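Subject: Structure handover

Hi there,

Here is the structure I promised to pass on to you. Could you open it alongside this email while you read?

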Amino acid sequence: MTYPIRKFDAVVVGAGGAGLRAALQLSKAGVNTAVLSKVFPTRSHTVAAQGGISASLGNVQDDNWEWHMYDTVKGSDWLGDQDAIEFMTSNAVEAVVELEHMGMPFDRVESGKIYQRPFGGHTAEHGKRAVERACAVADRTGHAMLHTLYQQNVRANTQFFVEWTALDLIRNEDGDVVGVTAMEMETGEVYIFHAKAVLFATGGAGRIYASSTNAFMNTGDGLGICARAGIPLEDMEFWQFHPTGVAGAGVLITEGVRGEGGILLNAQGERFMERYAPTVKDLASRDVVSRAMAMEIYEGRGCGPNKDHVLLKIDHIGAEKIMSKLPGIREISIQFAGIDPIKDPIPVVPTTHYMMGGIPTNYLGEVVVPKDGNPEAVVNGLYAAGECACASVHGANRLGTNSLLDLVVFGKSAGDSMIKYIAETELKPLPENAGEFTKQRLDRLNNQTGGENVDALRGELQRTIQSHAGVFRTDAILKEGVEKVLALVERSKNTQIGDKSMVWNTARIEALELDNLMEVAKATIISAEARKESRGAHASDDHPDRDDVNWMKHTLFYSADNHLEYKPVHTKPLTVDYIPPAKRVY
C-alpha cells in the first residue's frame with residue numbers, strides 16, 4: 001500500500017448540512033464514522049443560507065405537501081424526478097420539527113408556532129396564490145441549522161477530521177467503493193480512509209464562475225473525485241443564477257427580502273416584474289426573475305452610470321421590520337454596497353448561486369449509474385447528498401428554501417441507507433494499487449517545473465464559463481466555450497506549484513482543487529452545448545421553447561472521453577398522481 005491506512009465503517013466527506021445530518025444519523029446508530037471537512041464544520045457553506053427552509057406546516061396560511069410538491073415539479077420545469085420530489089416534500093414537516101426539537105431557534109408567530117414567510121414560487125392550490133412556507137431564523141437560517149447540527153454531532157461523539165481534504169475515490173475490481181485518499185491540509189500528509197461506505201456531501205462548485213455567491217472553498221471536490229473515478233455527472237448544464245447578488249460583489253441578498261415585501265425597480269422606477277409574472281410578481285421562480293432582470297438591463301433600463309444593475313427597494317417595509325427580520329441583509333448592504341436599505345435601495349444583479357446537477361443518486365442517497373442495461377444500477381458503498389448530489393429534486397431550476405430541505409431530508413435518508421448497508425456488509429479489502437493514482441497526481445505536482453500558474457489558469461477558466469455559460473446562451477457561444485474549456489483542461493495537466501521546498505500546502509490544495517473545477521466546467525459546458533431547448537435555468541436564444549418530446553431527459557456526462565448519455569425523468573411519484581407538464585407561468 002502507498003499510504004498509511006485508517007479504518008472506519010463510514011466516511012462522510014463534507015461537514016455542511018447534508019454531511020452533518022447524515023453523520024448524526026450514523027453516529028446515533030453506533031456506526032464508527034469519520035467526517036472529513038476542509039474547514040471547521042460551522043464554517044461550511046450552509047452557514048451562508050439566509051431565507052429559510054420550506055415545509056408545509058400551515059402555521060400562517062393553510063398549506064399541504066402536495067401543493068409544495070406541485071410547486072417543486074413546476075419550478076424544476078418538469079425535469080425533476082417526481083418520486084424524489086414527493087419523498088422530499090412529504091418528509092419536510094417531519095424534518096423541520098426534528099430540527100426544532102434539536103434546538104434550532106426558529107422565529108415564532110404570536111401563537112408560538114414557527115414563523116413562515118412567502119418565497120419565490122411557493123403557492124397554494126397549485127399556483128393560485130402565494131403562500132407562507134419558508135420557516136426562518138431571521139435571515140440567518142443556514143447559520144442556525146449548521147450550528148444546531150454540529151452541536152448534536154458533538155453530543156453523539158462524531159469523529160471529525162478538520163482541515164482535511166479528500167483527493168480520490170478507491171474502487172475495487174467490481175467497481176465497489178472501499179474508501180478514499182485524503183490529505184491533512186496543515187502537514188500535507190496523505191492517508192487512505194478504508195471504509196464500508198463513503199458519502200459525498202461536498203456542496204456546490206460555483207467557483208467555476210467569475211461572479212458567484214459561493215465561498216472560495218466551493219470547488220466541486222466530490223464531483224471531480226467521482227468524475228475521475230468513472231462516475232457520470234448528471235444535468236450539469238443547469239446552474240441557478242440568484243436574482244439578487246450585490247452588484248459588483250456577488251454577495252447574496254436573500255429572496256426572503258422580497259418575501260418580506262421588497263420590490264425590484266428599473267431605472268425608470270418601474271416595478272417591472274408585474275410585466276413578466278403578473279400573478280406573483282417579484283416572487284416568481286428564480287430563473288424567471290433573473291432573466292427578467294437581465295432583459296431590463298439588456299434593453300437599457302438598468303441603473304447606475306453603466307446601466308448594469310437594477311434596484312431592490314425595501315425601505316417602505318419599515319426600519320423595525322428590517323432590523324428584526326433582515327438584520328444580516330442590512331449589514332451586508334452597508335458593508336458591500338455602501339447602502340443602508342432603511343434609507344435607499346440596494347443595487348442587485350443576477351449572480352451564479354446553485355448547482356442543480358451533480359452526482360446521480362436516487363431518493364435513498366445511493367449513487368446510481370447505468371450498467372448492464374439497468375439505467376440506475378447502484379454503486380455499492382457510494383452515497384451522495386446535498387448540493388453535490390442530483391436526486392433529482394431540483395431539475396432545471398431550484399425553488400428557494402428547498403436547498404436546506406434537500407440537505408436534511410436526503411442527508412438523513414442517505415444515513416439510513418448507509419446504516420442498513422454497513423450492517424449487511426463485511427469490510428471489503430483494498431485493491432493492491434490503492435492510493436497509487438493519488439500518488440501519481442501528487443508526484444506530478446511536486447516535480448513539475450516550467451508549467452502553468454494555477455491562479456492564472458483558474459481565473460481564465462472562471463471568466464470563460466462566466467461569458468459562455470451565463471443567464472442567456474446561444475449555440476455559437478456554447479460551441480466556442482467547449483473549445484476554450486477543453487484547451488484549458490489540457491493546460492491544467494501541466495500546472496506547477498513553485499519551488500516545493502518553499503511552497504505552502506495551500507498552493508498544493510489550490511492546484512488539486514483546480515483539477516476538480518476543470519472536471520465540473522467541462523461537464524457544464526459540454527452538457528449545455530448539447531441541450532437544444534430552453535428549460536429552467538438553461539435559456540437558449542437559438543432554441544427559446546421547452547421541448548418535452550426530445551429533451552425531457554437527464555444528461556449524464558462521462559469525463560474519460562467527454563461523451564454524453566441520457567436517462568429518463570422519473571414521472572411516477574410514490575403515492576400520488578403524476579403531475580403532467582404544463583406551460584410554466586407565474
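First, the ground rules. This is a predicted model, in which local features need pLDDT of at least 70 and side-chain atom pairs count only at pLDDT 80 or more, while totals for chains, interfaces and linings use all residues. Residues are numbered from 1 along each chain as its sequence is written, and side-chain values use heavy atoms, with hydrogens and water left out.

**Two helix pairs**

Helices (H or I, at least four residues) and strands (E, at least two) are DSSP runs, numbered from the N terminus. Helix α15 (residues 475-492) and helix α16 (residues 505-530) have axes that come within 9 Å and cross at roughly 160°. Axes here are lines fitted to C-alpha atoms, for helices over the stretch in contact, and angles run from 0 to 180 degrees between N-to-C directions. Angles under 35 degrees count as roughly parallel, over 145 as roughly antiparallel, 65 to 115 as roughly perpendicular and the rest as oblique. α15 and α16 are therefore roughly antiparallel to each other. Their crossing is left-handed, a term used if the near helix is turned anticlockwise from the far one by less than a right angle (clockwise would be right-handed).

Contact means heavy atoms within 4.5 Å. On the α15 side, the residues that meet α16 include L478, V482, V485 and V489; those in α16 include M518, A521, I525 and A528. By class, this contact of α15 with α16 has 11 nonpolar, 2 polar and 4 charged residues. For these classes, Ala, Val, Leu, Ile, Met, Phe, Trp, Tyr, Cys and Pro count as nonpolar, Asp, Glu, Lys and Arg as charged, and the others, Gly among them, as polar.

The other pair is helix α1 (residues 17-28) with helix α5 (residues 141-155), whose axes come within 9 Å and cross at roughly 30°. α1 and α5 are therefore roughly parallel to each other, and their crossing is left-handed. G17, L20, R21, A23 and L24 in α1 meet L146, L149, Y150, Q152 and N153 in α5. That contact divides into 6 nonpolar, 3 polar and 1 charged residues.

Buried means under 20% relative accessible area, exposed over 50%, and partly exposed in between (1.4 Å probe, protein chains only). H538, in the loop between α16 and α17 (548-551), is buried with a relative accessible area of 0%. Its side chain is joined to that of R473 by a polar contact of 3.0 Å. A polar contact is a pair of N or O atoms within 3.5 Å; within protein, one must be able to donate a hydrogen and the other to accept it, and residues adjacent in sequence count only if both atoms are side-chain atoms. Not counting residues up to four places away in sequence, H538 touches E237, F238, R473, L478, A528, R531 and E533.

E237 sits in the loop between β10 (233-234) and β11 (239-246) and is also buried, at 0% relative accessibility. The side chains of E237 and T555 make a polar contact at 2.7 Å. Beyond its neighbours within four places in sequence, the contacts of E237 include R473, A528, R531 and H538.

**Other buried spots**

S290 lies in helix α9 (residues 286-298) and counts as buried at 2% relative accessibility. Its side chain reaches the backbone oxygen of F241 at 2.5 Å. In helix α6 (residues 221-228), 7 of the 8 residues are buried, so the helix is largely enclosed by the rest of the structure. α6 is followed by G230, which has a positive phi near 90°.

**Backbone details**

Most residues other than glycine have a negative phi, and most peptide bonds are trans. W78, which is not a glycine, has a positive phi of about 60°; W78 is buried, at 2% relative accessible area. D372 has a positive phi near 50° and lies in the loop between β16 (366-371) and β17 (374-384). Is D372 buried or exposed? D372 counts as exposed, at 75% relative accessibility. Lastly, the peptide bond from A391 to S392 is cis, with omega near 0°.

Best wishes
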